[in-house]
Number of protein chains: 2
Amino acid sequence: MGQNPNLWLDTLSPRLVAKRIVKRQEILRSAAAAFRRTGYHGTTLEDISACLGMTKASLYYYFQSKEQILYECHRFSLEMLLDRLSQVQNSQMAPGEKIRALVKHHVNIMIDELQASAMILEIEALSPALRAEVIGRRDEYERGFRDILAEGVESEEFRGHQTKLASFAILGAINWIARWFSPAGPASAEEVGETFARVFLQGLRREEPPQG
Amino acid sequence: MGQNPNLWLDTLSPRLVAKRIVKRQEILRSAAAAFRRTGYHGTTLEDISACLGMTKASLYYYFQSKEQILYECHRFSLEMLLDRLSQVQNSQMAPGEKIRALVKHHVNIMIDELQASAMILEIEALSPALRAEVIGRRDEYERGFRDILAEGVESEEFRGHQTKLASFAILGAINWIARWFSPAGPASAEEVGETFARVFLQGLRREEPPQG
């Protein structure tokens, strides 16, 4: 994942770097929540800095533009997804277990990180180059996910669904979590991940899963 | 569904009423596509009228505000969903067949009507009264859907999933179609509906479905 060097890292002490990373995360979370409330186009840098008790000028120290914030929200989520994908791809798990691991991780990201909003934020608002990069990484994740479904169909663990449509069904259900999940509601991230993984694995598998 | 009388209907001849309904539909479709491209907040009434080759003044003849257009987009989709729900509820179908019918109808709405965008449009932009109405109808649909899942668990056609989370998974997957479906792509609405219904029914059912 090291292809995207942040140049500023080189010019700061390790302690300052760590502090800055934490602060940037905090800004991304807060911005993602604001985008979700009032839409990307309806949110200003002033709104974001006000929510954080910062001045707009100090916000500029971390991010140069609203577009950069939107881009970093996407990049952050996608890197976490792609990291886990590559771990799973390099593991010895059976396809069903790989899908379970990815579904649970993805659900966690939707619920716990960036307040369940990054993946559903508009990408249309990004300039063509950034949009292409985000779409490229998203496609990379979707392709990896689909390949595991195809692997499971080949090994006859899964039924012969159209893997492309089946993967859209699963990933769509997960991304949609951002629209209904409430941290104050009755279901935990753990429960949502477990139920989703179970429904989908049963939908995919030929036979009864090992432990219901 | 007749609880929402449109007062203007009473003052026009039947031919003009029909013409007006068609034109309103056309405006909703075009507006929904514009909201999808540039976001609700990023779209002006001028943008919408320009796409349709209308003046802003003639657009006002059909809709009083951008908010009303957004509201009508939601109302249109939700009425179609609720109509089908009540047909299905009053039928003698088994729960699995009810779910299959609803999933296929919902997929069709996402793909064919309003260019797959109405259900995913922001509802946060609506004023509290309209938002409450839209949310109320959406909840009505979700409750009906969930009741059918519970019916299937009770009759032991379905496994004992958490029906609330399972219904969110299914409805979320369908709503997400708006984000990836392209009319120019390889899958038809029919195929998407069929695959989704199959994956979900297999995820829900205890045994092998009757015809694969």
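Student: Of the 64 residues in the largest nonpolar core, which touch the most other members?

Tutor: This is a predicted model, in which local features need pLDDT of at least 70, side-chain atom pairs count only at pLDDT 80 or more, and totals for chains, interfaces and linings use all residues. Residues are numbered from 1 along each chain as its sequence is written, while chains are lettered from A and ligands numbered from 1 in the order in which they are written.

The residues in question are F196(A) and F196(B). A nonpolar core is a set of buried Ala, Val, Leu, Ile, Met, Phe, Trp, Tyr and Cys residues joined through C-beta atoms within 7 Å; a residue is buried if 20 or more other C-beta atoms, placed from the backbone, lie within 10 Å of its own. Leaving aside neighbours within four places in sequence, F196(A) is in contact (C-beta atoms, placed from the backbone, within 7 Å) with V103(A), V107(A), A173(A), I174(A) and, from the other chain, A169(B).

As for the interface, 29 residues of chain A are in contact with 29 residues of chain B. Helix 9 of chain A gives the most to the side of chain A that touches chain B, with eight residues; helices are DSSP runs (H or I, at least four residues) numbered from the N terminus. Because 100% of the interface residues of chain A are also interface residues in chain B, the copies meet through the same surface. A rotation of 180 degrees with 0.0 Å of shift along its axis superposes chain A on chain B (RMSD 0.1 Å), by least squares on the C-alpha atoms of residues with pLDDT of at least 70 in both. That is the relation of a two-fold axis.

Key. Contact = placed C-beta atoms within 7 Å. Helix = DSSP H or I, 4+ residues; strand = E, 2+ residues; numbered from the N terminus. Buried ≥ 20, exposed ≤ 12 C-beta atoms within 10 Å, placed from the backbone.
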